[in-house]
Each structure stands twice: as C-alpha cells, then as structure tokens.
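Subject: Structure handover and notes

Dear colleague,

I am passing on the structure we spoke about, and below it you will find my notes on what was found. Please read them with the structure open beside you.

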Amino acid sequence: MTTEKVIAILASHLDMAEADIHEDTTFEDLGVDSLDAVEVAMEMEDAFGIEVDPKEAGTSVKAFAAYIDAKLSAK
Amino acid sequence: MRIIGTGSYFPQKSVTNEELSQMVDTSDAWIRQRVGIRSRHIATNETTAEMAAEAAKKALAAANMDASELDLIIAATMSADMVCPTVAGEVQSAIGANCPAFDLNSACSGFLFALDTAESFLVRGSAHNVLVIGAERMSKLLNWEDRSTCVIFGDGAGAAVVTAGNGYLASRLHTEGNASVITVPAPLGNSPFFTHLQTLPYVQMNGQETFRFAVKRMTEDVLAVTAQAGIKVSDLKYIVPHQANQRILDFAVTRLGIPAERMFSNIETCGNTSAASAAIALDAVMRSGNVSRGDYLVLCAFGGGLSSAACVIQIE
C-alpha cells in the first residue's frame, strides 16, 4: 500500500508512468537529484501526514516505503 | 500604514544564463528548470546605496511627495557598500531628506522586518511618512566560482513610501538563529589578537534545508497572517513573495491551494535579490494596474538567519 503510494507520488513528480517504477527502483535510476528528493519528501509529508527527512528516508522506493511505514507505526 | 508610492531599480547590465555557463559548469536549461531564472541584473558600477536612492526617487515620485516630507528612512540590506555610513544615510543625502535614517539586516526577510518596524513608528505617531527600502548588491557576496550559488542571485533595489493608515492588517516575524543552513561570513579584519580563521566571505547555502524551510515557513506564515487578519487565503488578490526559487513558489501554490496566477513571480528576469526582492515585487504588483482599493495582498519572505516574515496589506 505504502509502496504503491510512493510510486504514484514519484511518477507524478517526475511525469513518468507508474508502471515504469518498481519497488527496487532507486532514485539514481530515476535521475532524482537533491532538489527532487526534497520535493518528493515534502510531497510524501503531505500525503502521509508525517515528517520526512530526505537524508534519512533512503534513496530507493523500497527504502522510502519502509521509512514511511516505520514513521506511520510510530505515530 | 498606507502604501502611497513604490519604486524599484535594476543595474543596467543583465546577465543571461548562457553568459554564466561560460564562466561556471552550468547550463541555461538547468538554471531555468531548477531555479526558474533566465537572466539577472548585475551591478557594474552601481553601488547598493545608488540603487536604493534611484528606487527611492521613483517611490517618492509615485507618492507625489518631496524628500523633505519624510520623517524616517529604513533600508534593509546585507550588502551595504560600507559599514558606515549606512545605505539609508547615503539615500538620505542623495535624495535631499533630513530625517533619521538607519539600516536593518534580516537577510532575505529584511524588507518585511523593515515594513513592520515602520508600522511601529507610524502607530506610535513618531513618524508620519516613512521611506522603506530593500537594496542589495548580492554580486559582491557571491563566490563566482560556485555554480550552486552564483547563478541564483541578482542585484537591485525596491522602495515604498508609507504613511499612517489602516491598511497593515496583520504581521508575523520569525527568527531561528542558525548558522548551518545559510551563511555569509563577514571579513574578520586583521586584529593581531583575534584567533579565528577567515572563511570565504561569500554566500554558502544548503539548498535542501533552505527549500524545506522556505516552503514550510511560507505556508505557515501566509495561513497565520490571513487568519490574524480575519480573511481567507482565497480572499487574497496576490501573494507577493520573496523571489528565491520558482520551485519554492510552485510548491507553496500547491500547499496553499491557490491559483498559480495569484502567486506573483518575477524571478525569471531578476533572480533572487534578497532583501530587495519583496520590495521590487511589491512595486511590480502596485504598478501592474491589477490592484485596486480594498484588495488584500500578503507579502512574505524567508531566508538567511534563518528568518521569515509575512504581512497582510489592504490597499487603501
């Protein structure tokens, strides 16, 4: 569930098809640079209602989703 | 407070992204996409005080006021030509005013801090006509070999003549003393007794942290001042923000849920002019012919300090 939402946000931010982004996709694969990363982190904050630190959230879809799940369960 | 005249001034020379890409490893496409700037004005012989004085003259002309009628001049800047005399003092001399004049520094939020200071003089009744200026020659604070900062900033000045009135509905000033996100070290001097090492006296900025701070503060501040004024964000004719990065403005548009055209932007042709930015933007909005009596504006700014500020102005 979280993974799908992370993929949807990334796809929308990068103007890509969701089908082209998978759990194992890294931000490097997507050409996400530091400014994209911070914007994506802030979009995740809006979507999930949590604080997301882009430095701690990881740089792959899988890591990002795990970070968000951990934050959500700690809420 | 009532705004009765505004003015702005840019140096003659406009520097394009192409020109910069011949100096540092960058490109027009990267700068436009990441920051939203096509060109910026860079001073070749204009000083901060001269730009401030030119903006002031235009604001006085728009207000149909003589410099001798001013009771106070406040200039917001972090790039004064000299430590002393102040930019405000040099403007006083250049325009022929004879009132008290002082500078104030709150980095990019400076013009908003200066407007709020002006309001307190007006409310106290100790001044009736105040000239508020934001002026910067950011080009002297930049490391022209650092592609992450030298493409972002520009030079210029903006000014507003304000008088007593009921148009300053709400305001909020915010400071988070922090020397890790944005710093501009000052020259240390050559005291034989002081033991610190000189760091380069140029703008250093953590882009990610700045972006997060900017979007958060801008959203919070705009919501706070509109609530304080008893109006809704949807009542605003324009948000007139500090022009730091188009992406920050775009993000704030989404978060605030306003139509993009209500977020004023002129960063494309002037870059980030720090304390001058909101003053220049205010002048552009006031001269656009799109605002009329009764309209609500929110001015907001954020940046070094860290600092941020916002205010609600109703056009009288």
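Across the interface of chain B and chain A, the rule finds 10 salt bridges, a salt bridge being a side-chain nitrogen of Lys or Arg within 4 Å of a carboxyl oxygen of Asp or Glu. One of them joins B:R34 to A:D33, whose closest N and O atoms are 2.4 Å apart. Please keep in mind that this is a predicted model, in which local features need pLDDT of at least 70 and side-chain atom pairs count only at pLDDT 80 or more, while totals for chains, interfaces and linings use all residues. Residues are numbered from 1 along each chain as its sequence is written, chains are lettered from A and ligands numbered from 1 in the order in which they are written, and side-chain values use heavy atoms, with hydrogens and water left out.

Turning to the rest of this interface, 11 residues of chain B are in contact with 18 residues of chain A, where contact means heavy atoms within 4.5 Å. The area buried between the two chains is about 1200 Å², and carbon and sulfur atoms give 47% of that area; buried area here is the accessible area (1.4 Å probe) that two parts lose on being put together, summed over both. In chain B, the residues that lose the most area to chain A are B:R34, B:Q208 and B:R212, which together make up 45% of what that side buries.

Chain B also holds an open sheet of four strands in the order β8-β13-β12-β11, with mixed pairing; strands are DSSP runs (E, at least two residues) and helices likewise (H or I, at least four), numbered from the N terminus, and two strands pair if DSSP finds at least two bridges between them. Because β8 (168-175) and β11 (236-241) of chain B stand at the edges, each with a single partner strand, one side of each is left without a neighbour in the sheet. Strands β12 (residues 296-303) and β13 (residues 307-314) of chain B run antiparallel and are joined by eight bridges, with B:V298 standing opposite B:V312 in β13(B).

Elsewhere in chain B, strand β1 (residues 2-9) is mostly covered, since six of its eight residues are buried, that is, under 20% relative accessible area (1.4 Å probe, protein chains only). β1(B) pairs with strand β7 (residues 155-163) of chain B in the antiparallel sense over seven bridges, and B:I3 stands opposite B:V162 in β7(B).

With best wishes

Note on methods: Buried means under 20% relative accessible area, exposed over 50%, partly exposed in between (1.4 Å probe, protein chains only).
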